[in-house]
Amino acid sequence: FGAAPMSYRIEVSFDGYIPVLGGIEQPLKVDMTLRVEERAASEAGQKRALSEITQFRLSVYDSATKSFSPFPIGLEAVREYFPTTTTTFSSRGKIIATDAVNRDVPFQLPGLHPQHLADMTFLLLEFPETPLEKGASWSYRRKFGDSEVVYTVTYSGAEEAGEVFNLVLKQEYEEYEDENRNPVGRDRAQTIVKTRVVGSGKVWFSAPTGRITRATVNAEGVSNVLSMEGVPQSKRTLKTTFLMEG
């Protein structure tokens, strides 16, 4: 990332069932700025980056005014749950270590987890060890909680904005909820929620600087709610739109 800090502007929109406050179906939007700065690595072949949120706004859609209204949460409150983080990674973008905290967030939104902000933003791509030619495809996996996200990438060539990579992601996981639709352990659960997420997007990468300059991802999660005996109860969907520009 070089000596000069780099800032990414990030927009994430949610439309559908959102697992906050016992579950709501109201569009939300997050706008934030993520500052990334290179740090000296302790071992050869490794890189380190410090990242911190410098601006944050959570907005809720108001059906009466047909517009988004800011939710009253300040930057300092956000930083309490998303503090400044140092991530160690290889030159191919493989994450080796992070000091990000594993903390429950009261406004937890899919894809926005304190331990995985780097995974979803400036380290979204992970390259293979072999040289790339146009049309080359490869896959990599990243651990998110008790599940894995599987990424498949295809190199589609160069554009004015940089080298372009098409991205497909898949994830499946199970969670447990109580009678109020709040996440709980299995011993207190009334229902099982099985979710499958499928998404696709494009990532623009600057070869001279070695960093992502732009990324877009559209994903849809479908959750099947079952009784503890496995009887279907209901179905939920959530569409997520992600945009990052640096």
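**View 1. D119 and the residues around it.** Set aside the neighbours within four places in sequence, and D119 is in contact with I95, L124, R142 and F144, where contact means heavy atoms within 4.5 Å. D119 sits in helix α2 (residues 117–120); helices (H or I, at least four residues) and strands (E, at least two) are DSSP runs, numbered from the N terminus. This is a predicted model, in which local features need pLDDT of at least 70 and side-chain atom pairs count only at pLDDT 80 or more, while totals for chains, interfaces and linings use all residues. Residues are numbered from 1 along each chain as its sequence is written, and side-chain values use heavy atoms, with hydrogens and water left out. D119 is buried yet has no salt bridge. Buried here means under 20% relative accessible area, with exposed being over 50% and partly exposed in between (1.4 Å probe, protein chains only). For a salt bridge, a side-chain nitrogen of Lys or Arg has to be within 4 Å of a carboxyl oxygen of Asp or Glu. The nearest side chain of opposite charge, R142, is 4.7 Å away from D119; Lys and Arg count as positive and Asp and Glu as negative, while His and the chain ends are not counted.

View 2. R142 lies in strand β8 and E126 in the loop between α2 and β8, so the pair ties together parts that are 16 residues apart in sequence. R142 is buried at a relative accessible area of 5%, and E126 also counts as buried, at 9% relative accessibility.

**View 3. Salt bridges elsewhere in the model.** By the same rule, the count comes to 15 salt bridges. One of them is between the side chains of E11 and R9 (2.4 Å, N to O). E11 is partly exposed, with a relative accessible area of 28%, and R9 is partly exposed at 35%. Both belong to a network of salt bridges that links R9, E11, R214 and E245. Then there is the salt bridge between the side chains of R35 and E52 (3.3 Å, N to O). This pair links distant parts of the chain, with R35 in strand β3 (residues 28–39) and E52 in strand β4 (residues 46–62), 17 residues apart. R35 counts as partly exposed, at 23% relative accessibility.

**View 4. Aromatic rings around F165.** A search of the whole structure turns up seven aromatic pairs. Rings of Phe, Tyr and Trp (its six-membered ring) pair if their centres lie within 6.5 Å; planes under 30 degrees apart count as stacked, over 60 as edge-to-face and the rest as tilted. F127 and F165 have ring centres 5.4 Å apart and planes at 75 degrees, so this pair is edge-to-face. F127 lies in the loop between α2 and β8 (137–144) and F165 in strand β10, so the pair ties together parts that are 38 residues apart in sequence. F127 is buried at 16% relative accessible area, and F165 is buried too, at 3%. Y155 and F165 also form a pair, this one stacked, at 5.0 Å centre to centre with 25 degrees between the planes. Here the link runs from Y155 in strand β9 (residues 147–159) to F165 in strand β10, ten residues apart. Y155 is buried, with a relative accessible area of 14%.

**View 5. E177 in strand β10.** E177 is found in strand β10 (residues 162–177). E177 is buried, with a relative accessible area of 6%. A polar contact of 2.9 Å joins its side chain to that of R236; such a contact is a pair of N or O atoms within 3.5 Å, and within protein one must be able to donate a hydrogen and the other to accept it, with residues adjacent in sequence counting only if both atoms are side-chain atoms. Not counting residues up to four places away in sequence, E177 touches N182, V184, A189, Q190, T191, V193 and R236.

**View 6. F14 and the largest nonpolar core.** The largest nonpolar core has 53 residues, of which Y8, F14, L109, F122, L125 and I212 touch the most other members. Such a core is a set of buried Ala, Val, Leu, Ile, Met, Phe, Trp, Tyr and Cys residues joined through side-chain atoms within 4.5 Å. Its largest share, six residues, comes from strand β1 (residues 6–18). Leaving out residues up to four places away in sequence, F14 touches P27, L28, V30, L109, P110, L112, L238, K239 and T240.
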